[in-house]
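Student: I would like to learn to read a fold element by element. Could we go through one together?

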Amino acid sequence: MNKLKQHTLGCLVMDFRLGLLLFMLAVSASPAHAHEGPDPAGRWQFLPDSAKRDTLSAVIGPDLRIDPATSLQRIDRFGVMLMDGERTPASVLANPQQLAKLLPREAFTISAWVSVDTPRRWGGILSYFQDNADAETGWVLGYDKSQFTIGLSTVGSDDGDGKMTYLAGKTPHQVGRFHHVVATYDGKTLSLYVDGKLDATSTEQSGPVLYPTLPTTMTVGSYRDADEDNRHHGRLADIAIFHDAATDAWVAGEFAHGKALAESKFDLVSQEIDPAVTQALVIKPFLQMASKTGITVTWETTRPGKSVLYYGQTAACEQKLQLVGAGQQSGRGFIHQQRIDKLEQNTQYFYYIQTTVDNGQAIKSDVSTFQTAPDADTPFAFAAVGDTQGNLKVAGQIAELAWSERPNFLLHAGDLVDAGTNKQHWTEVFFPSLHPLISRVPIFPVLGNHEEDAAFYYQYMDLPSPEYFYTFTYGNMQFFMIDTNRNVDPDSEQYRWLEKELAKSTATWKIACHHHPPYSSDEDDFGDLWKTNQSTRGDERVRPLCTLYDKYNLDIVWAGHIHTYERTWPIRAGKPTDQNAPIYMVTGGGGGGLERPGPFRNAFSNVVHRDHHYTMVHVNGRMLEVRVYDHEGRLFDTFTLDKR
């Protein structure tokens, strides 16, 4: 080879090497390609033309099973899936071989675009996990009421017995806005990114991912394991799983490529109404806020429509009220609410509703009854219950038994549902279980901690403003309904309001109701009495209210929260007495998992009983009788207060 040719070839080789180096540098500097390693093990993009009936084709990996009525739309290059918090979430259709290839072992990156329309305590975006007391395994990319989260369990965690680390970010999610959420794990460090930036890290977990031993479903759009299914309300787009940990540059690049999603925004309740959806009752009519001359009726339908409330003193329901508007949208449903006024006091009425959509399709309820409130001289009775939570069976039994006693109304001490931000807990558990009772008598509730101060509570309940605290009078008794999830110290809004209302009350009987008990014999909520004798024996945070109860001579204070029954002796200034002081009652046995009293008998405690139960209160002038029954109708406590 001559020198010229050698020189030319050498230049070409050098140019090629230089070009290759520049190309590699350019590629490594490009955020879009900075993810080193294999292609995604699974990717789903939710494009409308990728769905056929109940199956959505994956870009990579196994397909998804989706609800045929799920709405898919396109924004720029992205496919977007709308989830309404009710329909069955998507799930990965993977056989064991596919699942083994899909699940990351040593490291991972999980990437998703998500908007959160209804924040939840436990929200899920993509997951394969079991989160139970004795076995917390797998991983879940999700969110809580304010931030995004990643939960992970590994074989190398310190405890070694399968406990998940839940890493929460610092960036709050904004209702209706798309966020890019990425979780990475490299075997030592768990990281969470929000909108292209590192938001939180943890080194609590290490080693390979610890997976459930029993078959588990990989779920899109739900925090779902063996005993939980908290469904997402919002939108999802471009979800992917990688078997290695992404770099900061890759995450930033992926966020930059989603500019169209990042800049899009949706209203909280905006969603398409499928014309094929049949008009039906989501929640059957129930009653609220009965007075001597009026009552409120509320129900929910699958579609908006013109509604008429029929009522009268016979089953023919000769009178009617036309509702204004088509209903308030609440997730995938429309709430209708109507007050009936100018009624006769202490009188039986009949009622039913009908809602009709534009095409003439209508839904009509069965005829039911209600009774207006009596005057102050007429005897009456009411039922009291708390903590119905997620127990459809027990709450249903209690509703039937209470209705058999024919109370005038129901007092509920909070924790109506298990998770207030989950619409299904209202539509599929609470309202169906209590329907035999609250379709015939009005319900007067207070907020528990499980309601999570959720929008659904305020949408369904029609209470005096501001709704989280209020007062009402029935017969010769006045009730003071308080939210002990909020401040109740002497400088608080509720304390000042309560003192003002108590000071002007002239009722024969004064009753307070709130969720948290000032006095309780519970074993571990206020100090573990099986490990130490130190316990506050009740919620000290709400005890400032007792000063007002003493000062204004309240008769009974109802609470829940502790899933058992307890009745105290009269208590004044924090000490039991034998007369002329408030009695504190815990009636938390409406369905929640039962709790036990501690091993020490408190001086303030009169009766403690561990069972699901309800209370009946009978009032006749200056006499009051209380009877408490278990969920099978057996009487286990009774007492009388006599002011004659």
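Student: How many bridges join β34 to strand β35, and do they run parallel or antiparallel?

Tutor: Three bridges join β34 to β35 (residues 556-559), and the two strands run parallel. Strands are DSSP runs of E with at least two residues, helices are runs of H or I with at least four, and both are numbered from the N terminus. Two strands pair if DSSP finds at least two bridges between them. Within this pair, Ala512 has Val557 of β35 as its bridge partner.

Student: What should I know about the model and the numbering?

Tutor: This is a predicted model, in which local features need pLDDT of at least 70, side-chain atom pairs count only at pLDDT 80 or more, and totals for chains, interfaces and linings use all residues. Residues are numbered from 1 along each chain as its sequence is written, and side-chain values use heavy atoms, with hydrogens and water left out.

Student: In what order do the seven strands of the open sheet come?

Tutor: The order is β32-β33-β34-β35-β39-β36-β40, with mixed pairing. β32 and β40 (605-609) are the edge strands; each has a single partner, so one side of each lacks a neighbour in the sheet. From one strand to the next, the twist averages 15°. For such angles, axes are lines fitted to C-alpha atoms, for helices over the stretch in contact, and angles run from 0 to 180 degrees between N-to-C directions.

Student: Which strands of the sheet does α8 touch?

Tutor: α8 packs on the sheet against β32, β33 and β34, and its direction makes about 175° with that of β33. Contact means heavy atoms within 4.5 Å.

Student: Which residues of α8 are buried?

Tutor: Buried means under 20% relative accessible area, exposed over 50%, and partly exposed in between (1.4 Å probe, protein chains only). In α8 the buried set is Gln494, Tyr495, Trp497, Leu498, Glu501 and Leu502. Down the helix axis they fall within an arc of 165°, so they line one face. That arc is taken from the directions from the helix axis to the C-beta atoms. The face turned away from the buried side carries exposed Arg496, Lys500 and Lys504. The buried residues also pack against α9 (544-551).

Student: What does Tyr549 touch beyond its neighbours within four places in sequence?

Tutor: Its contacts include Leu498, Ala512 and Val557.

Student: How many residues of β11 are buried?

Tutor: Six of six residues in β11 (residues 147-152) are buried. Five bridges join β10 (residues 135-143) to β11, running antiparallel. A hairpin of three residues connects β10 to β11, and Gly142 stands opposite Thr149. Five bridges also join β11 to β12 (residues 165-172), again antiparallel. There, Ile150 stands opposite Leu167.

Student: Is Ser191 buried or exposed?

Tutor: Ser191 is buried, at 8% relative accessible area. It lies in strand β14 (residues 190-194). Leaving aside neighbours within four places in sequence, Ser191 has contacts including Leu167, Val182 and Thr201.
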